[in-house]
Protein chains: 2
Amino acid sequence: MKIKKLNAVSFKNSTITGGFWKERQDIFRKTTIDAVYKRFEETGRFEALKFNWKEGMPFKPHIFWESDDTKWIEGAAFFLQKQRDAELEIKIDELISWMAKTQDKNGYLNAYFTVVEPEARFTRRMDHELYCAGHLIEAAIAYAEATGKKEMLQIAIRYADLIDRIFRIEHSAAFDTPGHEEIELALVKLYYYTGEKRYLDLAKYFIDTRGNSKKDITYEFADMEYVQSHLPVRDQTTAVGHSVRALYLYAAMADLAMETEDEELLSACKALYANITKKRMYITGGVGSTYRGEAFTFDYDLPEYTAYSETCASIALAMFCRRMWQMDVDGKYSDCAEQAIYNTVLGGVSLSGDRFFYENPLSVDPRRNAFNEFRTEEMKEHLPILERVKVFECSCCPPNLLRIVGSIADYMYSTDEETIYTHCYMEADTELEVNGQKVILEQRTQYPYDGNICINIRSDGVFGIALRIPGWCKKAKVYVNQKERKLELHKGYVYLKENWKSGDEIVLKLPMEIKTYRANPQVVSACGRVAVMRGPIVYCAEGLDNEDKPLKDICLLQEKEAQLVEVNIANLKMPGICMPAIYTMNFEELYCDGEVEKKEMVLNMIPYFAWANRGISEMTTWFLK
Amino acid sequence: MKIKKLNAVSFKNSTITGGFWKERQDIFRKTTIDAVYKRFEETGRFEALKFNWKEGMPFKPHIFWESDDTKWIEGAAFFLQKQRDAELEIKIDELISWMAKTQDKNGYLNAYFTVVEPEARFTRRMDHELYCAGHLIEAAIAYAEATGKKEMLQIAIRYADLIDRIFRIEHSAAFDTPGHEEIELALVKLYYYTGEKRYLDLAKYFIDTRGNSKKDITYEFADMEYVQSHLPVRDQTTAVGHSVRALYLYAAMADLAMETEDEELLSACKALYANITKKRMYITGGVGSTYRGEAFTFDYDLPEYTAYSETCASIALAMFCRRMWQMDVDGKYSDCAEQAIYNTVLGGVSLSGDRFFYENPLSVDPRRNAFNEFRTEEMKEHLPILERVKVFECSCCPPNLLRIVGSIADYMYSTDEETIYTHCYMEADTELEVNGQKVILEQRTQYPYDGNICINIRSDGVFGIALRIPGWCKKAKVYVNQKERKLELHKGYVYLKENWKSGDEIVLKLPMEIKTYRANPQVVSACGRVAVMRGPIVYCAEGLDNEDKPLKDICLLQEKEAQLVEVNIANLKMPGICMPAIYTMNFEELYCDGEVEKKEMVLNMIPYFAWANRGISEMTTWFLK
């Protein structure tokens with residue numbers, strides 16, 4: 001059976017015109033691009049690209065700093081794609097000029113392995129060399145596409161060609177595959193951009209060689225699962241190890257499965273996807289249950305307070321989903337991508353756009369952090385922080401957020417020969433091609449705050465439109481030119497095929513009920529508890545909205561009586577939820593036999609992504625019910 | 001106000017004749033004494049007492065090994081007190097002869113600081129030197145009392161005199177107070193035994209100097225709270241740091257408060273007791289919420305899965321309670337002692353008597369341990385073990401269990417001028433003195449499995465009897481010679497005063513209902529859950545009795561419908577509990593909106609102390625309700 005192969009409609013074809021993502025992109029354009037730039041500048045990350053560090057100077061380049069730089073360039077380029085900015089381009093051009101000046105004649109380009117340990121090039125699998133190269137390639141493509149300037153692209157291609165020679169042709173490196181996956185994704189992009197099949201071949205080489213190499217090792221402290229090298233990738237069925245590495249790999253496997261029509265690889269992807277979403281994913285779309293190795297652990301192990309749930313891992317999960325839906329038209333992938341994006345990914349950045357979380361716990365207890373703070377170093381436990389910060393030592397998440405927010409419209413549409421598929425809904429104007437015709441679609445919606453979506457067709461033509469009906473919505477209605485259509489759902493999609501006229505209007509009504517979700521009874525930490533969602537948004541409660549009552553004790557009553565209320569956090573308006581609940585009247589004793597006194601209250605909840613924007617407070621997502 | 005001062009009735013005055021403790025003491029006599037001896041022999045712990053180790057030889061003495069040896073001697077001596085055993089005494093006499101041979105002329109006696117680092121004597125506060133001395137003193141007294149043999153006592157006295165000179169008189173050591181409290185308790189005992197006030201003075205010196213010394217330090221990895229040296233002891237109101245150290249200190253403070261009628265010290269003890277029992281104690285009477293420093297953490301922090309709850313800490317808690325009730329006649333202390341003894345302390349040893357837990361978690365998830373087992377060392381988390389083992393590196397708990405089980409009758413009675421106080425109930429014949437008269441009491445009971453207690457008075461005389469009514473019992477009845485007495489409860493005690501005739505019989509009926517307990521709503525891990533107790537015994541469920549259903553998901557229904565059933569574990573019969581409950585039918589998805597399907601079941605529970613005697617299985621003590 002031939003693998004289905006939808007065409008991804010790039011964000012470049014869409015312009016976000018309003019609604020949720022306009023608000024967010026505006027903040028990112030105004031604040032985040034610059035905020036990340038400043039922090040990277042202050043910490044010497046950009047300076048590293050000058051390749052002039054010498055022993056004794058400050059800011060010794062770190063092995064992964066370059067990837068921060070190029071990820072920032074890529075993210076900035078995504079915003080430039082929609083709106084050029086001379087000042088910003090000057091900054092980027094300067095960085096590129098440094099790279100151009102310092103690239104080796106043979107194409108090699110890496111700050112650490114040029115100024116710190118030049119003799120160690122391509123000798124240490126775990127030192128992020130190919131990971132940095134991957135981000136360089138992706139940034140170069142993005143910047144070329146956004147501005148037409150190709151200097152960085154030429155740099156990237158020269159480097160990619162060197163890597164191809166060293167790894168795929170000569171096998172002359174000390175290892176076979178990258179210790180941190182990412183370049184595989186970049187090489188597929190470079191193949192798309194240049195049409196040069198050797199880049200796809202190199203991606204395939206890296207993917208196929210993983211778990212099959214005798215040269216590949218891992219950190220001394222880690223196992224081969226940590227780097228997904230415990231088995232050939234086709235034999236992998238459970239998501240293991242470092243979760244960002246894992247999901248970059250799985251996304252690249254999906255790319256390769258599609259490009260090479262490799263069913264075996266596709267079924268590995270499906271198995272991994274099933275394992276993640278049925279056994280190893282937080283309801284926030286977070287993955288990675290432990291900070292030890294930033295890793296997946298075991299089925300149903302989803303502790304709230306110590307969730308690692310790295311922002312980057314959920315970005316990578318969304319990337320994986322987006323690739324999967326091109327081969328397997330099933331609404332579950334969009335559901336999962338939205339779960340990751342609207343909760344963990346957006347939770348990774350402050351509403352102001354300039355502060356970040358690396359870890360995204362599902363509950364926090366500030367008492368524990370306060371106690372921990374005053375322990376000696378050796379007595380401290382690893383705990384997620386309670387407030388977002390401007391920069392991390394390992395600062396992969398902030399520029400990764402720039403990338404996904406800048407290119408969020410990537411998640412809107414795909415096409416095949418005759419059908420346009422909608423995936424994630426957002427307000428944008430899009431120009432795309434289907435059935436040989438150019439089609440303009442204007443999507444208008446306040447999604448995910450509201451479930452009404454209006455798609456105006458601004459072109460004539462015969463083609464299908466497949467509308468994704470989110471899994472959480474059981475009462476969706478579709479109207480074409482105000483006439484309700486009978487719905488027939490195929491794996492989460494409703495298919496319309498018409499002779500469309502410009503001015504036709506499709507209205508999708510997705511009633512957004514406030515719902516409670518139970519976790520599988522094997523999830524120890526969630527037994528007896530529910531999470532509250534409305535549409536794709538998980539709600540949480542913060543102590544500061546609830547008189548600092550012990551949140552874990554609060555027991556929800558009827559969600560049918562829950563009400564939406566507009567809340568304003570950091571000058572952004574959003575729907576909050578009030579729900580009737582009961583709590584236990586505090587008592588003096590530690591243990592009490594018999595009935596305890598309960599009292600009614602109204603629990604105030606806000607979207608999970610908006611937590612920790614108003615100071616330190618207890619927070620939880622799983623409530624008694 | 002003068003501090004009340006009851007006379008402790010020593011276990012030496014009682015003989016356990018049947019019931020729960022006879023069964024247990026028989027196992028300990030038959031198995032545990034020898035099992036611990038063998039393990040200590042195998043691991044070179046006894047060999048260390050020969051003081052002939054040299055570099056290159058196996059079994060390099062560890063700084064605390066001697067305390068294991070002497071604690072074993074003390075525990076064995078408690079059993080010898082009731083039943084001499086020539087073979088056992090030969091073993092002990094041999095150990096003593098080694099000590100006699102190797103004790104310094106000046107009285108110094110410590111293996112590590114004789115054969116490994118003799119130059120470091122009395123220079124390192126954190127190296128357990130005085131802790132070992134304390135256990136040596138206690139063992140010496142116990143052995144002298146049990147056998148009349150005084151060689152070890154002479155050794156101990158010589159050493160105690162040296163310590164008195166070095167620390168209290170000359171202040172010539174590099175530190176002022178022990179890094180691990182224990183010798184304070186021993187010195188009070190030595191004062192009682194010898195009548196020499198200087199030992200009490202030395203205990204007082206150590207206690208008063210703690211937190212007031214400029215010479216005292218702690219481990220590099222720890223803070224002064226770890227060793228309770230952050231404040232003068234009179235200013236301490238919250239239980240902090242290493243929990244065994246803490247409770248040995250508090251017990252010694254109580255000793256001193258009583259002996260010196262120090263009200264300030266008594267109020268510190270009361271504050272510490274209140275903090276522990278109202279905010280920092282597991283329902284099993286376990287203390288120490290983290291393995292990091294084996295320590296108390298913060299109020300209401302009582303995680304189940306990572307509870308440290310060291311066996312020794314609960315033994316020490318019981319010791320503290322026993323001292324407190326001599327000064328403050330309040331049933332709460334006996335309640336707490338029983339909670340510690342019948343749950344955590346007894347849970348620390350297998351029913352067979354030869355395997356031990358150091359940590360006593362309230363729930364275990366074998367999936368987590370299985371995952372952890374295959375992680376690399378650096379990726380492992382600290383988890384309590386799932387099955388008891390024969391010996392630990394740090395083997396303080398096994399001989400400590402010997403001590404408390406051997407001397408359990410210490411917990412039965414106290415007296416003042418005119419009244420006999422009963423505290424913990426157990427079947428024993430006791431001879432004591434009150435109001436100048438010798439009184440023989442025969443207590444007959446299956447407590448804690450049954451709440452009927454019959455006390456036969458075998459002497460004539462006028463005296464009071466104060467019967468402790470456990471806090472868990474609201475419907476106690478007291479009969480004297482079959483006539484019910486009206487109860488008037490004073491802080492958990494009912495006072496009878498009569499002209500007793502030999503043959504009089506007091507019957508105490510304590511109906512043992514199966515009860516559920518809620519924790520304070522500030523205890524995060526217990527919200528929405530209950531623990532099940534019957535009398536002082538906490539019940540738990542093991543997966544193997546419950547078809548391996550996820551225990552955390554099981555929701556109890558009416559405890560009124562709970563039934564007692566006899567269970568047989570490791571050839572011991574005990575009351576189990578069956579309680580109607582519901583569980584969630586497993587579903588494939590990770591998260592499920594709407595109602596989930598529930599099914600009825602009967603939850604089978606056993607006493608917590610009996611868990612992990614039948615192989616590895618999930619276990620929990622806190623159930624949904």
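Student: Before we start, which ground rules apply to the numbering and the values?
Tutor: Residues are numbered from 1 along each chain as its sequence is written, while chains are lettered from A and ligands numbered from 1 in the order in which they are written. This is a predicted model, where local features need pLDDT of at least 70, side-chain atom pairs count only at pLDDT 80 or more, and totals for chains, interfaces and linings use all residues; side-chain values use heavy atoms, with hydrogens and water left out.

Student: Okay, how many helices and strands does chain A have?
Tutor: Helices (H or I, at least four residues) and strands (E, at least two) are DSSP runs, numbered from the N terminus. On that basis chain A has 14 helices and 24 strands.

Student: And what is the radius of gyration of chain A?
Tutor: That radius is taken over C-alpha atoms, and the globule rule is 2.2 Å times the number of residues to the power 0.38. For 625 residues the rule gives 25 Å, and chain A comes close to that, so chain A is as compact as a globular protein of that length. Its radius of gyration is 24 Å.

Student: What percentage of the residues of chain A count as buried?
Tutor: Buried means under 20% relative accessible area, exposed over 50%, and partly exposed in between (1.4 Å probe, protein chains only). Of the 625 residues of chain A, the share that counts as buried is 66%.

Student: What share of the contacts in chain A with a separation of 6 or more comes from residues 24 or more positions apart?
Tutor: A contact here means heavy atoms within 4.5 Å. Among contacts in chain A with a separation of 6 or more, residues 24 or more positions apart account for 71%.

Student: How far apart are the mean positions of the positive and negative charges of chain A?
Tutor: Lys and Arg count as positive and Asp and Glu as negative, with His and the chain ends not counted. Each charge is placed at NZ of Lys, CZ of Arg, CG of Asp or CD of Glu. With 79 positive and 95 negative charges in chain A, the mean positions are apart by 3 Å.

Student: Where is the cis peptide bond to A:Pro448, and what is its omega?
Tutor: A:Pro448 sits in the loop between strand E7 (437–445) and strand E8 (452–457) of chain A. In chain B, a cis bond joins B:Tyr447 and B:Pro448, with omega about 5 degrees. In chain A the cis bond runs from A:Tyr447 to A:Pro448, with omega near 5 degrees.

Student: What is phi of B:Asn571?
Tutor: B:Asn571 is in the loop between strand E19 (563–569) and strand E20 (572–584) of chain B, and is exposed, with a relative accessible area of 69%. Its phi is positive, in a residue other than glycine, and is near 65 degrees.

Student: Is B:Glu618 buried or exposed?
Tutor: B:Glu618 lies in the loop between strand E22 (598–607) and strand E23 (619–620) of chain B. Leaving aside neighbours within four places in sequence, B:Glu618 is in contact with residues including B:Val364, B:Pro366 and B:Lys552. With a relative accessible area of 14%, B:Glu618 is buried.

Student: Last one: which residues does A:Lys501 contact, leaving aside its neighbours within four places in sequence?
Tutor: A:Lys501 lies in the loop between strand E13 (493–500) and strand E14 (505–509) of chain A, and counts as partly exposed at 45% relative accessibility. Its C-alpha atom is separated by 8.8 Å from that of A:Val462, 39 residues apart along the chain. Leaving aside those sequence neighbours, A:Lys501 is in contact with A:Ile457, A:Ser459 and A:Asp460.
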